[in-house]
Every structure is written in C-alpha cells, then in structure tokens.
Amino acid sequence: MSLTKHVPQRTCVGCRQQKSKRELIRVVRAPEGEVRLDLSGKAAGRGAYLCADAQCAALARKAKSLNRSLKCNVPAEFWGTLAERPVHSDVEQMDPADVEQTPCRVLRAPDPVTERSAR
Ligand SMILES: [Zn+2]
C-alpha cells in the first residue's frame, strides 16, 4: 500500500518534458486510423501526449515526433484542429451560461380536485 498519491507522468512529444497527465492533451489514433484529440483521455487506440502549448505542437509537427509516437502520418487537418482548440482551462471549465439555460422546472400533474371544481 502506498501512501503517496501517484500522479501518472507522460512525456510531451513536442518538448520531451515529463508532465502529469492533467497538463497534457492526449492525441489518439483510433483503431480505425483516425488521428484526433482525446479530451476525455480515455479513447481507445494508440495515444501520445502534447502540452497545451502551440510551441510543443509546432515542435512535434516539425520533428514528426507525433507521427513516430502514433506510428502513422498525422494529417495536416489534425494540426489545424489542434491550433484552433481552446486552451486547456477552457475545456475543463463548464460554461455557467449553459447550465443556467436549462432551468429546473418542476412539472406537476394537474390536481384532479382543482380541475373538477373549476368546471
Ligand atoms: Zn511540451
């Protein structure tokens, strides 16, 4: 039994630094061959990690280290999606506006007594 909480470390394919999984973006090559971002961190397939940093993405692209990690050719569109993705903290934060737009309505069945007396 270990008393210290183990934080899994992964290496960024861009800067080659080890960071905790939470700080990294997982890129997955799905079993059907599609390369995409895995924001859940749990998608099936071969995974690689990148910092949430455009510089690391650029490095990984230039050095083709992501291609090597995933053992496939990362399509240009993928790098486009990566560049457009919001910064890490935005992904993890729930937009409060979304929550407020779904009001919790209590639906009550019409009271049979009231309905009868109203007639
Ligand atoms: Zn990095």
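A residue counts as buried when 20 or more other C-beta atoms lie within 10 Å of its own. With that in hand, here are the close-ups of this predicted model.

**Figure 1. Helix 1 and its buried face.** Welcome to helix 1, which spans 54–62. Its buried residues are Cys-56, Ala-57, Ala-60 and Arg-61. Seen down the helix axis, these residues fall within an arc of 135 degrees, so they line one face of helix 1. On the face turned away from that buried side sit the exposed residues Gln-55 and Lys-62. Strand 5, helix 2 and helix 3 are among the elements covering the buried residues of helix 1. Just after the helix, look for Lys-64, whose phi is positive at about 55 degrees.

**Figure 2. The largest nonpolar core.** This core holds 19 residues, and those that touch the most other members are Cys-12, Val-13, Val-27, Tyr-49, Leu-50 and Leu-66. Two or more residues come from each of strand 3 (24–29), strand 5 (46–51), helix 1, helix 2 (65–70) and helix 3 (76–84). As background, nonpolar side chains tend to be buried together in soluble globular proteins.

**Figure 3. Zooming in on Val-13.** Which residues does Val-13 contact once its neighbours within four places in sequence are left aside? They are Ala-48, Tyr-49, Leu-50, Ala-60, Ser-65, Leu-66 and Ser-69.

**Figure 4. The hairpin of strand 3 and strand 4.** Strand 3 pairs with strand 4 (residues 35–38) in the antiparallel sense, over four bridges. Val-27 stands opposite Leu-37 of strand 4. Five residues separate the two strands of the hairpin, and Gly-33 in the turn has a positive phi of about 100 degrees.

**Figure 5. Two loop residues with positive phi.** Arg-16 has a phi near 70 degrees and is found in the loop between strand 1 (9–11) and strand 2 (18–20). Arg-16 counts as exposed because it has 12 C-beta neighbours inside 10 Å. Lys-71, in the loop between helix 2 and helix 3, has a phi near 55 degrees. With 9 C-beta neighbours inside 10 Å, Lys-71 also counts as exposed.

**Figure 6. Stepping back to the whole protein.** The protein has six helices and five strands, in the sequence pattern β-β-β-β-β-α-α-α-α-α-α. Of its 119 residues, 19% are buried. Among contacts with a separation of 6 or more, 50% join residues 24 or more positions apart.

Notes: Residues numbered from 1 in each chain as written. Predicted model: local features only at pLDDT ≥ 70, side-chain atom pairs only at ≥ 80, totals over all residues. Core = buried A, V, L, I, M, F, W, Y, C linked by C-beta atoms within 7 Å. Contact = placed C-beta atoms within 7 Å. Arc of directions from axis to C-beta. Pairing = 2+ DSSP bridges.
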